[in-house]
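Reader: Please show me the model and its sequence. I would like to go through the terms used for it, and ask what each one rests on.

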Amino acid sequence: MRAWWVDRPGPVTNHPLVLGDRSSPAPGADEILVQVNVCGICRTDLHLAEGDLAPRHPHVVPGHEAVGFVVEAAANSAYRTGDRVGVAWLGGVCGECAYCLRGDENLCSTPVFTGWDKDGGYAEQLAVSQSFAYPIPPVFTDEQAAPLLCSGIIGYRALKRASVPPGGRLGIYGFGSSAHLTAQLAMFQGTRVYVMTRSQEARSLARDLGAVFVGDAYDVPPEPLDAAILFAPVGDLVPVALRALDRGGTLAIAGIHLSAIPALDYASELFYERQIRSVTANTRADGREFLALAARIPLAPTVTVYPFDAADRALADLAADRVTGSAVLKIGPS
């Protein structure tokens with residue numbers, strides 16, 4: 001099969017991804033083999049390619065927003081050949097540690113992540129544990145479904161972690177793939193959304209989606225916020241977002257990588273019971289809940305499709321904020 005892999009992590013301008021041929025994966029006893037039609041391009045893939053996240057093994061294939069169809073499954077599998085499935089970031093847990101046993105499998109002591117610990121969806125085929133694959137709601141095309149599998153699920157968990165009160169005011173810092181889906185979800189739930197982002201194109205999308213305020217990343221919203229979610233991997237924005245919170249407000253940081261956070265001023269940024277919460281991966285329950293809700297709304301992902309041969313260009317566009325909404329690699333027929 002053809003696949004992209006991380007050769008030497010470094011700036012995207014140095015082309016850390018390599019396209020070539022490699023053996024198709026051999027699925028294990030509890031795995032299904034998936035023929036990949038599309039794979040979403042996540043900022044985590046960029047962090048992996050550039051070395052912000054150290055690859056877990058040499059020449060790892062990135063990608064954890066894959067949509068395709070089953071081409072091989074065990075006789076006792078819940079899936080059959082031809083079923084359409086999605087493959088997400090969380091690809092395995094131990095099921096035995098204290099975190100798994102209490103229902104917090106996103107905090108598992110020995111998790112397996114698609115496109116980091118094991119090869120992901122920047123390839124024509126991938127193998128996934130059948131219990132970590134998701135049926136895709138028929139309302140979505142492959143291209144629409146791909147960003148839901150990480151951007152959407154993580155945004156959903158971040159929204160829960162932000163604890164927005166009913167009818168509350170939510171600030172969103174950064175407005176890329178995950179943020180533009182989370183904003184739609186929040187508005188569907190009756191939340192007023194305030195967007196702060198540096199990209200002019202992203203601001204235009206935020207207005208089109210119905211944000212009540214749109215400004216620059218460092219702008220002060222016109223009224224105090226009940227909650228905020230930081231999607232941009234920029235630590236300098238943490239005190240900015242905290243200062244924008246009303247008393248008792250919560251800031252959720254939705255990202256696996258964040259640049260250094262400057263010193264916080266207790267009086268202006270933390271007092272009055274303002275709080276910060278991180279977001280770590282997701283549980284499978286999060287994924288099932290989110291996909292059902294996304295189909296009911298239904299969410300409308302804004303998608304830019306790249307040919308499979310242009311994965312390195314897509315990552316470069318993402319790094320330079322030239323992608324509005326979500327980027328998706330077209331790998332096979334949809």
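Reader: Which residues does Glu124 touch, not counting residues up to four places away in sequence?

Author: Glu124 touches Met1, Arg2, Val34, Gln35, Val36 and Ile331, with residues up to four places away in sequence left out. Contact means heavy atoms within 4.5 Å. This is a predicted model, in which local features need pLDDT of at least 70 and side-chain atom pairs count only at pLDDT 80 or more, while totals for chains, interfaces and linings use all residues. Residues are numbered from 1 along each chain as its sequence is written, and side-chain values use heavy atoms, with hydrogens and water left out.

Reader: Why is Glu124 called partly exposed?

Author: Buried means under 20% relative accessible area, exposed over 50%, and partly exposed in between (1.4 Å probe, protein chains only). Glu124 has a relative accessible area of 23%, so the label is partly exposed. Glu124 sits in the loop between β7 and β8; helices (H or I, at least four residues) and strands (E, at least two) are DSSP runs, numbered from the N terminus.

Reader: How far apart are Glu124 and Arg2?

Author: In sequence they are 122 residues apart; in space, C-alpha to C-alpha, Glu124 and Arg2 are 5.9 Å apart.

Reader: Why is the pair of Trp89 and Trp116 called stacked?

Author: Rings of Phe, Tyr and Trp (its six-membered ring) pair if their centres lie within 6.5 Å; planes under 30 degrees apart count as stacked, over 60 as edge-to-face and the rest as tilted. The ring centres of Trp89 and Trp116 are 5.8 Å apart and the planes stand at 10°, so this is a stacked pair. Both Trp89 and Trp116 are buried. Together with Phe113 they form one aromatic cluster, and the structure holds six aromatic pairs.

Reader: What makes the pair of Tyr156 and Phe290 tilted, and what does this pair tie together?

Author: Tyr156 and Phe290 have 5.9 Å centre to centre and 40° between the planes, and the pair is tilted. Tyr156 lies in helix α4 and Phe290 in helix α9, so the pair ties together parts that are 134 residues apart in sequence.

Reader: How do you know whether Tyr156 and Phe290 are buried or exposed?

Author: Tyr156 has a relative accessible area of 11%, so Tyr156 is buried. Phe290 has 1%, so Phe290 is buried as well.

Reader: What makes a nonpolar core, and how many residues has the largest?

Author: A nonpolar core is a set of buried Ala, Val, Leu, Ile, Met, Phe, Trp, Tyr and Cys residues joined through side-chain atoms within 4.5 Å. The largest has 46 residues, and those with the most contacts inside it are Leu170, Ile172, Phe175, Ile229 and Phe290. Helix α4 gives the most to this core, with six residues. A second, separate core of 44 residues includes Val12, Leu17, Val36 and Tyr79.

Reader: How many residues of each class line the largest pocket?

Author: The lining has 25 nonpolar, 14 polar and five charged residues. Here Ala, Val, Leu, Ile, Met, Phe, Trp, Tyr, Cys and Pro count as nonpolar, Asp, Glu, Lys and Arg as charged, and the others, Gly among them, as polar. The largest share of this lining, five residues, comes from α1.
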